[in-house]
Structures are given as C-alpha cells and as structure tokens.
Amino acid sequence: LQQPDAHDGKQLKGALTFNDCAKSHTITITNDERSWEKYYAYILPSIVEQSFRISPLRGHLAPRGGASNACDASKPYSDSAHVTIEFIGDDHDNIVGEEVLLVVGTEAEIW
C-alpha cells in the first residue's frame, strides 16, 4: 500500500453529507481485478477518525464477476462489498464543515 500523501491526483468518486437526519451512509465497492483482493477502509485526516465508525474496516473481494462456493453453491462469493461510515462524534469535535475523506481500496489498486 502507498502512503495517503502519495495519492495525489486520484479522483474522488462522490460526496457524503452528515447531519442530524443522515448520520450514516453505505457505499458499495466492487473488485475490477481477476484475482481475490483484500480491501481496506480508513478516514483521512486520521486526526478525526475517532468521530467516525467504519464497518467493515477490511475484507476480501472475489474476482471480478464473483466466484462459486464449492462448499455451498447457494452462497457464492461476491466481488462487491458494502462499507458503512457512521458519524459518532458531536458538535464539540471541531470538524463541523470540515472535509474528511473515506478511503477504500485494494492491495492491487494504485491508491
């Protein structure tokens, strides 16, 4: 994995707004690779991470298109996952109006 400051120029995929009516959001990530990939999720800047809860923080994605499960054909492995970010802070966290990044990527992806 590269350091977060080495990701200059990477385009943002979207924006999430947190308020009293929307304290959590769920995004879907998808594996574009033809191999099994570990993924990781974290908050930048790290100084505000205590104000958010991410679930799951890491996981595995099946190859692009998914994969069959030899042990249970009714439960194939998915090439996508849902990641939830929840604001658990309060107004005293001094982050109201600040921009915070949710970074989710795989080991194979150039972040």
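**His25**

I looked up His25 first, and it counts as buried because its relative accessibility is 19%, where buried means under 20% relative accessible area, exposed over 50%, and partly exposed in between (1.4 Å probe, protein chains only). The model is predicted, so I note that local features need pLDDT of at least 70 and side-chain atom pairs count only at pLDDT 80 or more, while totals for chains, interfaces and linings use all residues. I number residues from 1 along each chain as its sequence is written, and side-chain values use heavy atoms, with hydrogens and water left out.

I place His25 in strand E1, residues 24-30. Strands (E, at least two residues) and helices (H or I, at least four) are DSSP runs, numbered from the N terminus. A polar atom of the His25 side chain lies 2.7 Å from the backbone oxygen of Thr17. For a polar contact I take a pair of N or O atoms within 3.5 Å; within protein, one must be able to donate a hydrogen and the other to accept it, and residues adjacent in sequence count only if both atoms are side-chain atoms. With neighbours within four places in sequence set aside, I list Leu16, Thr17, Phe18, Val83, Thr84 and Ile85 as contacts of His25, contact meaning heavy atoms within 4.5 Å.

**Strand E5 and its partners**

Ala81 in E5 stands opposite Ile29. E3 is also antiparallel to E5, with 4 bridges, and here Phe52 stands opposite Phe87.

**Strand E2**

I then went through E2, residues 37-44. Its covered face carries Glu37, Tyr39, Ala41 and Ile43, and its uncovered face Lys38, Tyr40, Tyr42 and Leu44. With E4 (residues 58-61), E2 pairs in the antiparallel sense over 4 bridges, and Lys38 has His60 as its bridge partner there. With E6 (residues 101-106), E2 is again antiparallel, over 6 bridges, and Ile43 stands opposite Leu102.

**Nonpolar core**

I count 13 residues in the largest nonpolar core, and Ile29, Tyr39, Ile43, Phe52, Ile54 and Val83 have the most contacts inside it. Such a core is a set of buried Ala, Val, Leu, Ile, Met, Phe, Trp, Tyr and Cys residues joined through side-chain atoms within 4.5 Å. E2, E3 and E5 are the elements that give two or more residues to this core, and E5 gives the most, with 4.

For Ile43, again leaving aside neighbours within four places in sequence, I find contacts including Val48, Glu49, Phe52, Ile54 and Leu102. Glu49 is in the loop between E2 and E3 and is partly exposed, at 44% relative accessible area. Its C-alpha is 9.8 Å from that of Leu102, across 53 residues of sequence.

**Aromatic pairs**

How many aromatic pairs does the structure hold? I find 3, taking rings of Phe, Tyr and Trp (its six-membered ring) as paired if their centres lie within 6.5 Å, with planes under 30 degrees apart counted as stacked, over 60 as edge-to-face and the rest as tilted. Phe18 and Phe52 are edge-to-face because their ring planes stand at 70°, with centres 5.6 Å apart. Phe18 is in the segment before E1 and Phe52 in E3 (residues 52-55), 34 residues apart. Phe18 is partly exposed at 26%, whereas Phe52 is buried at 10%.

Trp36 and Tyr77 are edge-to-face too, since their planes meet at 75° with centres 5.4 Å apart. Trp36 lies in the loop between E1 and E2 and Tyr77 in the loop between E4 and E5 (80-87), so this pair ties together parts 41 residues apart in sequence. I note both as partly exposed, Trp36 at 46% and Tyr77 at 38%. Phe18, Phe52 and Phe87 form one aromatic cluster.

**Cis peptides**

Most peptide bonds are trans. I noted a cis bond between Leu44 and Pro45, with omega about -5°, and Pro45 is in the loop between E2 and E3. Another cis bond joins Ser55 and Pro56, with omega about -10°; Pro56 lies in the loop between E3 and E4.

Terms used:
Two strands pair if DSSP finds at least two bridges between them.
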